[in-house]
Amino acid sequence: MNAELAWAVLIPLIGAVLCLLSGPRGQRWIVGATSLGTLGAVSAVAWSVSSGGTLRHAAGGWGASLGIDLRADGLAAVMLLVVGVVGALTSAQVLRATGASPRPGGGFFSLWLSAWAALNALAVSADAFNLYVTLELTTLAAVGLITAGGDREAVDAGLRYLLVALPGSLVYLLGVAILYGMHATLDLSVLGSRLAPDPTAWTALALMCVGLCLKAALFPLHAWLPPSYVSARSTVSALVAALIGKASFYVLLRIWIDVLPAEAAPRAGQLLAALGAAAVLWGSLLALRQRRLKALTAYSSVAHTGYLFMFFPLDVPGALSGAVYLAVSHAAAAASMFLAAGAVHRTLGHDDLDGLQGLARHRPVTFSSLALAGASLMGMPPSGGFIAKWLLLRAAIERRHVWLAAVILVGGLLAAGYVFRVLRGAFLPLPREARLCPLPRRAELAALALALLALLLGVAPKAPLDLLRVGLPS
């Protein structure tokens with residue numbers, strides 16, 4: 001038995017319940033202890049996977065279909081680690097930054113810890129229905145987090161998120177029901193061995209894929225998502241864009257690796273890659289047109305979602321590593337950018353790109369966070385974004401998909417364009433009429449730590465890439 005898999009889910013879930021039962025002061029202690037405990041649990045899972053291979057655990061002592069089978073291979077371990085590290089640092093930002101804490105009794109911490117538990121459960125789920133359940137829990141938690149600000153704009157954004165994400169979930173669930181009716185099982189490994197290439201199976205898989213693409217906001221189904229990121233508080237945008245936004249792609253990746261017949265991979269992969277390429281170009285062009293830092297980062301997230309889907313037709317070693325590594329590095333960089341945007345707004349009273357003069361001198365930590373995170377978004381060495389895009393680029397060249405290689409290169413240039421829009425005015429002198437609001441240095445540290453993490457992923461990529469390959473097909 002591998003109980004650390006269960007503890008990775010139970011610890012944040014217990015913390016969420018305790019937060020509901022305690023006051024604001026107690027919540028801070030609970031969140032801190034829960035973050036440390038969850039980090040310890042997921043680190044234990046990663047260590048066990050690295051040293052002993054894929055882990056399995058039957059929750060409650062029963063396997064499927066009576067119980068819930070949990071499984072952690074290298075892909076799951078990497079997801080657990082990135083959710084743990086990025087989530088813990090963002091939680092620390094909420095805990096320590098002056099004025100960033102939620103209203104007493106608002107349930108912010110309980111919602112976030114529930115989302116953390118759901119993300120961990122999603123990472124280790126071994127059957128298609130539990131993937132649906134955990135994905136829905138992350139969606140509902142995201143809606144609650146987005147609307148936690150309480151103003152009309154945030155509520156509208158949360159409802160938009162809910163009304164678009166729920167149909168995607170229902171379409172996915174319809175595909176799951178068809179597969180269950182055909183094979184009387186939802187275990188991913190069993191489905192992969194039983195699934196026959198027939199029209200019914202294609203229909204079920206197509207429904208699941210469409211639902212997940214809608215929830216992932218893949219082009220052209222993306223227009224609903226950026227306003228949600230912009231309307232939410234910066235800490236919420238960091239959590240949703242960096243972590244919860246990756247959940248749908250993770251589920252699709254699981255279905256692709258464990259279930260999809262080899263006959264369907266080439267055509268489906270080409271379609272997904274074409275949509276991903278369009279997302280890279282369109283999202284980057286929209287990011288170039290934005291006038292606010294949060295909006296720019298939101299559309300950059302749309303573009304980087306597109307990179308993830310370029311993996312699917314590239315069935316060569318390194319393509320999967322590149323896609324997952326891009327998800328990891330983008331999680332750190334995007335969270336850093338959103339937290340830095342929050343610091344800019346609290347300093348200047350706005351996050352307009354044309355009004356960032358003096359930022360490099362008066363807020364050097366925030367400026368450094370934007371510069372380092374932006375370097376990873378551009379794919380500049382030695383960042384994690386560079387390693388990820390290089391792996392994808394090399395795979396595209398090996399498979400002679402010249403158009404994908406061209407999109408990766410052009411996307412990097414467009415990313416450089418919108419990142420330099422952020423940085424170009426920061427060195428200009430501060431206008432005389434400008435008034436800077438005080439901001440404690442501790443309110444800037446989480447963004448800097450995440451930006452440094454995005455850089456470290458490029459400096460030392462061997463360990464995470466080796467962990468990712470454990471238990472996955474070559």
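Tryptophan 7 is partly exposed, with a relative accessible area of 45%. The residue sits in helix α1, which spans residues 3-21, and belongs to a nonpolar surface patch. The model is predicted.

**Surface patch**
- The nonpolar patch is formed by Trp7, Leu10, Leu13, Ile14, Val17, Leu18, Leu20 and Leu21.
- Together these residues have about 790 Å² of accessible area.
- Tryptophan 7 counts as partly exposed because its 45% relative accessible area falls between the limits of 20% for buried and 50% for exposed.

**Helix pair α14 and α17**
- Helix α14 covers residues 319-348 and helix α17 covers residues 384-398.
- Their axes come within 8 Å and cross at roughly 155 degrees.
- Angles over 145 degrees count as roughly antiparallel, and α14 and α17 are therefore roughly antiparallel to each other.
- The crossing of α14 and α17 is left-handed.

**Salt bridges**
- The structure holds six salt bridges.
- Side chains of opposite charge can pair when their charged atoms come close.
- One of the salt bridges joins aspartate 258 and arginine 71, with the closest N and O atoms 2.7 Å apart.
- This pair links distant parts of the chain, since aspartate 258 is in helix α11 (residues 247-258) and arginine 71 is in strand β2 (residues 68-72), 187 residues apart.
- Both aspartate 258 and arginine 71 are buried.
- Another salt bridge brings together the side chains of lysine 215 and glutamate 136, at 3.4 Å from N to O.
- Lysine 215 belongs to helix α8 and glutamate 136 to helix α5 (residues 128-146), so this pair ties together parts that are 79 residues apart in sequence.
- Lysine 215 and glutamate 136 are both buried.
- Lysine 462 pairs with aspartate 466 in a salt bridge whose closest N and O atoms are 2.7 Å apart.
- Both of these residues lie in helix α20 (residues 462-468), four residues apart, or about one turn of the helix.
- Lysine 462 counts as exposed at 59% relative accessibility, while aspartate 466 is partly exposed at 34%.
- Salt bridges that share partners also join Arg71, Asp73, Arg254 and Asp258 into one network.

**Cis peptide bonds**
- The peptide bond from phenylalanine 219 to proline 220 is cis, and its omega is near 5 degrees.
- Proline 220 is placed in the loop between α8 (199-216) and α9 (225-231).
- A cis peptide bond also runs from proline 381 to proline 382, with omega near 5 degrees.
- Proline 382 is in the loop between α16 (364-378) and α17.

**Positive phi angles**
- Alanine 217 has a positive phi of about 60 degrees, although it is not a glycine.
- Alanine 217 lies in the loop between α8 and α9, and is buried, with a relative accessible area of 2%.
- Arginine 400, which is also not a glycine, has a positive phi near 60 degrees.
- The loop between α17 and α18 (402-423) contains arginine 400, which is exposed, with a relative accessible area of 74%.

**A pair separated along the chain**
- Valine 82 is part of helix α3 (residues 74-96).
- Valine 82 counts as buried at 14% relative accessibility.
- The C-alpha atoms of valine 82 and leucine 243 are 8.2 Å apart, while the two residues are 161 residues apart along the chain.

How values were computed:
Residues are numbered from 1 along each chain as its sequence is written. This is a predicted model: local features need pLDDT of at least 70, side-chain atom pairs count only at pLDDT 80 or more; totals for chains, interfaces and linings use all residues. Side-chain values use heavy atoms; hydrogens and water are left out. Patches are made of residues with over 30% relative accessible area and no salt bridge: like charges are joined within 9 Å, nonpolar side chains (Val, Leu, Ile, Met, Phe, Trp, Tyr) within 5 Å. Accessible areas come from the Shrake-Rupley method with a 1.4 Å probe; for residues, only the protein chains shown count as cover. A salt bridge is a side-chain nitrogen of Lys or Arg within 4 Å of a carboxyl oxygen of Asp or Glu. Helices (H or I, at least four residues) and strands (E, at least two) are DSSP runs, numbered from the N terminus. Buried means under 20% relative accessible area, exposed over 50%, partly exposed in between (1.4 Å probe, protein chains only). Axes are lines fitted to C-alpha atoms, for helices over the stretch in contact, and angles run from 0 to 180 degrees between N-to-C directions. Angles under 35 degrees count as roughly parallel, over 145 as roughly antiparallel, 65 to 115 as roughly perpendicular and the rest as oblique. A crossing is left-handed if the near helix is turned anticlockwise from the far one by less than a right angle, and right-handed if clockwise.
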